[in-house]
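Visitor: I would like to learn how to read the strands and helices of a model such as this one. Could you take me through them step by step?

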Amino acid sequence: MRHRSLLVLTTVITTGALTLTACGSRDGGSKDNADGKKTVVVIGVDAPLTGSLSALGQGIKNSVDLAAKTANKNNEVPGIEFKVEALDDQAVPASGQANATKLVGNKDVVGVVGPLNSGVSQQMQGVFASANLAQVSPANTNPSLSQGDNWGKGEYKRPFKTYFRTAATDVVQGKFAAQYLFKDAGKKKVFVVDDKQTYGAGLAAIFSDEFKKLGGEVVGTDHVTVKETDFSSTADKVKSSGADSVYFGGQYPEGGLLADQIKKTGAKIPTMGGDGIQDPAFISASGEENEGDLSTSIGYPVEKLDTAKKFIEDYKAAGYKDPYAAYGGYSYDAGWAVIQAVKAVAAANNGKLPADSRAAVVEALGKVSFEGVTGKVAFDEYGDTTNKQLTVYKVEGGKWVDVKSDTFNQ
């Protein structure tokens with residue numbers, strides 16, 4: 001997403017309850033203290049925990065919580081107890097920025113997972129960078145976050161060394177979608193709509209460029225506004241354009257309604273989108289049949305990965321109220337990446353966390369490499385995941401069904 005912002009937890013830990021002085025100093029804190037207490041290390045989480053995208057946010061939060069609990073249960077880092085502080089950004093950039101400032105102010109926070117939305121992340125990156133605080137997003141997909149604003153011109157420059165992500169970028173996702181729609185689905189005339197947000201507009205632009213390069217025609221474009229519900233004027237434009245398909249850059253609340261209203265005009269054509277629409281709520285938002293609608297999503301279906309079996313079992317056993325949703329596996333891996341970085345920092349410092357543990361964690365994150373829920377977890381020189389797996393889903397029988405998975409090479 002994505003694009004977007006992220007997460008949810010059983011317990012929200014307040015800053016005041018997590019002071020290192022209660023457990024020991026930062027220097028030497030990885031060893032159990034004389035009184036048997038462990039050093040508390042906090043992983044921050046930022047995601048939309050309320051609002052229309054809360055289904056995704058809660059899955060993010062819970063999955064990071066599970067990673068922390070697993071690390072504690074297994075004594076993954078001797079002398080350290082991991083806790084999670086989850087904050088709600090409601091998918092609003094200003095809220096995300098305020099949350100970033102709050103997390104930076106909690107000296108026990110050594111890394112943050114989130115957010116869901118790329119637009120929110122843009123307002124958080126600088127705050128984290130100024131404090132050398134690592135940020136790992138399980139869902140952001142806008143390329144500029146890691147490769148700079150001129151990535152489209154072939155000029156790649158990493159804006160913030162503190163930023164990482166376990167999700168593949170829209171460069172990969174947009175091109176993959178265009179190739180499927182043109183080559184596999186056989187569609188040649190597409191109408192492109194976006195929600196004017198960082199994620200949606202960026203994804204739609206990448207898709208459009210690739211679709212045209214393949215020989216397809218973009219027969220029309222339009223924009224919708226987030227949180228609005230009447231898209232009849234856009235639907236009418238689609239109908240009159242003669243398009244054989246629609247591509248929507250945005251999220252499922254608007255995407256589901258748009259697909260519904262397009263079909264109600266009599267245009268029985270598929271709507272395709274990115275991981276932002278790949279949610280059951282996209283289907284339930286429509287009063288018309290969604291059969292044949294398409295989406296792409298980062299990675300392979302978690303339920304079909306051998307590496308994800310234990311995660312799925314443990315998540316179910318933990319009794320979380322909300323499902324892990326689209327980004328659960330990537331959120332767990334993001335949290336586990338922070339944990340592995342902390343482990344490496346402590347191991348390199350005689351079992352202790354150094355005074356500059358935040359900077360050390362950022363350095364260590366760039367070197368982590370492990371088999372995670374979603375496959376191999378590692379980062380390239382831009383902080384992007386090296387895992388470029390993607391999947392196309394189609395609505396069949398009222399459910400999203402995976403129809404093609406592949407590793408995409410740009």
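Guide: Let us begin with a definition: two strands are said to pair if DSSP finds at least two bridges between them. Please keep in mind throughout that this is a predicted model.

Visitor: In which sense do strand S1 and strand S3 pair, and over how many bridges?

Guide: In general, the strands of a sheet pair through backbone hydrogen bonds, either parallel or antiparallel. Here S1 (residues 39-47) and S3 (residues 109-113) pair in the parallel sense, over four bridges, and Val-109 in S3 is the bridge partner of Val-42.

Visitor: What is the order of the strands in the open sheet?

Guide: The sheet has five strands in the order S2-S1-S3-S4-S5, with parallel pairing. Strand S2 (80-88) and strand S5 (163-165) are the edge strands, each pairing on one side only, and neighbouring strands of the sheet are turned by 25° against each other on average, direction ignored.

Visitor: Which strands does helix H3 lie across?

Guide: Helix H3 (residues 118-130) lies across S1, S3, S4 (134-137) and S5, and runs at about 160° to S4.

Visitor: At what angle do helices H1 and H11 pack?

Guide: Helix H1 (residues 54-73) packs against helix H11 (residues 328-347) at an angle of about 40°, with the axes 8 Å apart, which means that H1 is oblique to H11. The crossing of H1 past H11 is right-handed. Among the residues making the contact are Gly-59, Ile-60 and Ser-63 of H1, together with Tyr-332, Gly-335 and Trp-336 of H11.

Visitor: How many residues of this contact are nonpolar, polar or charged?

Guide: The contact of H1 with H11 has nine nonpolar residues, six polar and no charged.

Note on methods
Residues are numbered from 1 along each chain as its sequence is written. This is a predicted model: local features need pLDDT of at least 70, side-chain atom pairs count only at pLDDT 80 or more; totals for chains, interfaces and linings use all residues. Side-chain values use heavy atoms; hydrogens and water are left out. Helices (H or I, at least four residues) and strands (E, at least two) are DSSP runs, numbered from the N terminus. Axes are lines fitted to C-alpha atoms, for helices over the stretch in contact, and angles run from 0 to 180 degrees between N-to-C directions. Contact means heavy atoms within 4.5 Å. Angles under 35 degrees count as roughly parallel, over 145 as roughly antiparallel, 65 to 115 as roughly perpendicular and the rest as oblique. A crossing is left-handed if the near helix is turned anticlockwise from the far one by less than a right angle, and right-handed if clockwise. Ala, Val, Leu, Ile, Met, Phe, Trp, Tyr, Cys and Pro count as nonpolar, Asp, Glu, Lys and Arg as charged, and the others, Gly among them, as polar.
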